[in-house]
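This report describes one protein chain for a reader who is new to structures. Please look at the sequence and the model before reading on.

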Amino acid sequence: MHNYPALDNPVWHALQTTHNTFAQGTDLVQRYATDILQFVGCADPLHADLNEILPWTSVGEKMIMIGELPVLPSNWALLRQLDCIQMICDQAVPIASPDVVPLENVEEMLTLINLVQPGFFYRNTPLLGTYYGIYQEGQLVAIAGERTKITGMVEVSAVCTHPAFTGRGYAQQLVAHIVNKNVEKGNALYLHFLTNNERARKVYERLGFRDRREIVFWEMVRNS
């Protein structure tokens, strides 16, 4: 049985379980290391003191919380609220993905992701899981990978395709590949996308993902 309630506070539970070696912070507030992911989680989000994480952050650094947001101290400011859908999947997908390969070239990954969806992928983000891609004529044109991980559950993330190569089913092939690899290991999958991204919803629904809940990504900045 998968612990789906942990997905209400996914960053915290990832840092307490599969990704605990990446955790920095106190017993109640923790973050991923700076060069890996700008995500912070709290044991009790609504009553947390975000300033507990100050020794592990820098002035001007942007951070993301997923789920509930505590009252921000005066030296933090909320930049934006990203309303997202969280979906889950625990069944294999009968879709072939012959062109999918594991990725190793971080520069290629950064170039493509920063072209399509900048801001959530860093040089050491690939340490979190395996990232896969599709090449056309030697160029990386599509990518998807594994980001936060909780015991028995893996987040699919960085799903993007070069604008010149959309509409060819590459995202579907990549996500299917990740789903099948993880279901074979006994893992469930989860992912997030903006509520107005109907194109993403259609892709994920075809792959057997189902809605779990609406959830918010809160982007904030430390001002002092």
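**Basis of the description**

This is a predicted model, in which local features need pLDDT of at least 70 and side-chain atom pairs count only at pLDDT 80 or more, while totals for chains, interfaces and linings use all residues. Residues are numbered from 1 along each chain as its sequence is written, and side-chain values use heavy atoms, with hydrogens and water left out.

**The whole chain**

The chain has four helices and 11 strands. Helices (H or I, at least four residues) and strands (E, at least two) are DSSP runs, numbered from the N terminus. The radius of gyration is 17 Å, close to the 17 Å that the globule rule gives for 224 residues, so the chain is as compact as a globular protein of that length. This radius is taken over C-alpha atoms, and the globule rule is 2.2 Å times the number of residues to the power 0.38. Along the principal axes, the C-alpha atoms fill a box of roughly 50 × 40 × 35 Å.

Of the 224 residues, 52% are buried. Buried means under 20% relative accessible area, exposed means over 50%, and partly exposed lies in between (1.4 Å probe, protein chains only). Contact means heavy atoms within 4.5 Å. Among contacts between residues at least 6 apart in sequence, 71% join residues at least 24 apart.

An open sheet with mixed pairing is formed by eight strands, in the order β4-β11-β5-β10-β9-β8-β7-β6. Two strands pair if DSSP finds at least two bridges between them. At the edges are β4 (62–66) and β6 (101–102), each of which pairs on one side only. Strand β4 runs antiparallel to β11 (residues 210–222), and five bridges join the two. Met65 stands opposite Trp218 in β11.

Helix α2 (residues 106–116) packs on the sheet and touches β7 (131–136), β8 (139–150) and β9 (153–161); its direction makes about 90° with that of β8. For such angles, axes are lines fitted to C-alpha atoms, for helices over the stretch in contact, and angles run from 0 to 180 degrees between N-to-C directions. The buried residues of α2 include Met109, Leu110, Leu112 and Ile113, and what covers the buried residues of this helix includes β7, β8 and β9.

Which strand holds Glu155? Glu155 is found in β9 and is buried, with a relative accessible area of 1%. A polar contact is a pair of N or O atoms within 3.5 Å; within protein, one must be able to donate a hydrogen and the other to accept it, and residues adjacent in sequence count only if both atoms are side-chain atoms.

| Side chain | Partner side chain | Distance |
|---|---|---|
| Glu155 | Arg147 | 2.8 Å |
| Glu155 | Thr148 | 2.7 Å |

Not counting residues up to four places away in sequence, Glu155 touches residues including Tyr190, Leu191 and His192.

**Ile178**

Ile178 lies in helix α3 (residues 170–184) and is buried, with a relative accessible area of 0%. Leaving aside residues up to four places away in sequence, Ile178 touches Tyr132, Ala144, Gly145, Glu146, Val156 and Leu189.
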